[in-house]
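Biologist: Please take a close look at one part of this complex for me. I would like to follow a single residue first and then see what surrounds it.

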Amino acid sequence: SVRGPRVAPVLPLRFSRAISPQAAMTKLGQWLCGLALLGSAWAALALAPPGLRLPAPYREALLPLPVYLLVAFGCYSLATVGYRLATFNDCEEAAAELREHIKAARADLRRRGLRL
Amino acid sequence: MAAHGADKFSVLLPTYNERDNLPLVVWLLARTFQESGNNFEIIIIDDGSPDGTEEIAKQLEKIYGSDKIVMREIISVPFSSGTAYIHGMKHATGNFIVIMDADLSHHVSLYFIKQKEGNFDIVSGTRYKGNGGVHGWDLKRKLISRGANFLTQVLLRPGASDLTGSFRLYRKEVLQKLMEKCVSKGYVFQMEMIVRARQLGYTIGEVPISFVDRVYGESKLGGNEIVSFLKGLLTLFATT
């Protein structure tokens, strides 16, 4: 759809969405673009189409790279969540304070006429 | 609009069956505001609770004054946080809006200080940073919380550490703008607000809060909740 005067009139209509500041890419879009970029780079280098041959050791190393990265990310995720779980604060003082407040609140409100 | 230097805080409290918690929350809020010398009002938006929440709210109105406690009732079919806030905002006279659940009220004053410090558009409570935290949670609940938050951070990169927290302060204009743009329901709505706020370039400050488990009433974290969270997260991933 046309985005209005912000878009230079010389640009073809189908590009106006990408350029308009309001049509920022969704996160999904960003991921797909990123994966497409990395994926094609990997395919180009590791699968070795004719005309772009790296020495064999490099190709062999690159081939399983996606799987390695996935596993690495999995380990990172587990480690991070585990660490955050272990360091999740238990707010004892806050709970105690709240209990005190509740006692004071009930007493005060009763004094002021609240019938619970 | 409030005059410069005369900030007024409107607290929106959507309630459903909060008969026991409501007076405590109101008392805590009123005391915090009075201690910090801020002008305030508390807007209670009740969804026709059958347990007498409305009656309690009316009593509180008598105790604190009808300029401080405003009672609104919605008996609409889809009572989501969204409709409650829209309804509540219509009657809000403050220039700052505080959104919170009626089951937690903690260290409200930190929010004002933080807002003044950085002149933020939004101040959000976080359980995951600083000395923020929880109380009364078992290991399973903590694991699910951390796991869900990790997933959210990876997928949405929201720039805030706690998206599903229930305690936020907004400038009134900022909240109005965000309400126009957000379409989700329930707590996914809260997540969407922060994500959109970042996209629109609003500044977000974070304050550690202690989430003490519900004093009365039950907390819900079943399989259904998890599934709906994932659905909401994926929807946000694909649409924002």
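Modeller: Let us start with B:Asn149, which sits in helix H5 of chain B, residues 139-156. Keep in mind that this is a predicted model.

Is B:Asn149 buried or exposed? B:Asn149 counts as buried, because its relative accessibility is 8% and the cut-off for buried is under 20%. Its side chain has a polar partner. A polar atom of that side chain lies 2.8 Å from the backbone oxygen of B:Ser161. Now look at the contacts beyond four places in sequence. Within chain B, B:Asn149 is in contact with B:Tyr128, B:Ser161, B:Asp162 and B:Leu163. B:Asn149 is also in contact with A:Arg84, in chain A.

That last contact leads to the interface. Here, 44 residues of chain B are in contact with 36 residues of chain A. The area buried between the two chains is about 3,600 Å². Carbon and sulfur atoms give 66% of that area. On the chain B side, B:Trp27, B:Arg146 and B:Phe150 lose the most area to chain A. Together these three account for 19% of what that side buries.

In a salt bridge, the side chain of B:Lys142 meets that of A:Asp90, at 3.0 Å from N to O.

Which elements of chain B supply at least two residues each to the side that touches chain A? They are helix H1 (21-36), helix H2 (53-64), strand E6 (133-135), H5, strand E9 (210-212) and helix H8 (223-239). H5 of chain B, the helix of B:Asn149, gives the largest share of that side, eleven residues. By class, the side of chain B that touches chain A has 22 nonpolar, 15 polar and seven charged residues.

What about the partner chain? Chain A has five helices and zero strands. Its elements run α-α-α-α-α from the N terminus on. Of the 116 residues in chain A, 20% are buried. Take the contacts in chain A between residues at least 6 apart in sequence: 3% of them join residues at least 24 apart.

Now go to the nonpolar cores. In soluble globular proteins, nonpolar side chains tend to be buried together. The largest nonpolar core in this model has 43 residues. B:Leu13, B:Ile42 and B:Tyr64 touch the most other members. H1 of chain B gives the largest share of this core, nine residues. Leaving out residues up to four places away in sequence, B:Leu13 touches several residues, including B:Leu22, B:Val25, B:Val26, B:Ile42 and B:Met100. A second, separate core has 35 residues, among them B:Ala148, B:Ala160, B:Leu175 and B:Tyr202.

One more residue is worth a stop. B:Gly82 lies in helix H3 of chain B, residues 81-90. B:Gly82 has a relative accessible area of 10%, so this residue is buried. Not counting residues up to four places away in sequence, B:Gly82 touches B:Met179 and B:Phe189. B:Val98 is 16 residues from B:Gly82 in sequence, and their C-alpha atoms are 14 Å apart in space.

Terms used:
Residues numbered from 1 in each chain as written. Chains lettered and ligands numbered in written order. Predicted model: local features only at pLDDT ≥ 70, side-chain atom pairs only at ≥ 80, totals over all residues. Heavy atoms only, no water. Helix = DSSP H or I, 4+ residues; strand = E, 2+ residues; numbered from the N terminus. Buried < 20%, exposed > 50% of the residue type's maximum accessible area, 1.4 Å probe, protein only. Polar contact = N/O pair within 3.5 Å; in protein donor to acceptor, adjacent residues only side chain to side chain. Contact = heavy atoms within 4.5 Å. Buried area = accessible area lost by both parts, 1.4 Å probe. Salt bridge = Lys/Arg side-chain N within 4 Å of Asp/Glu carboxyl O. Nonpolar A, V, L, I, M, F, W, Y, C, P; charged D, E, K, R; others polar. Core = buried A, V, L, I, M, F, W, Y, C linked by side-chain atoms within 4.5 Å.
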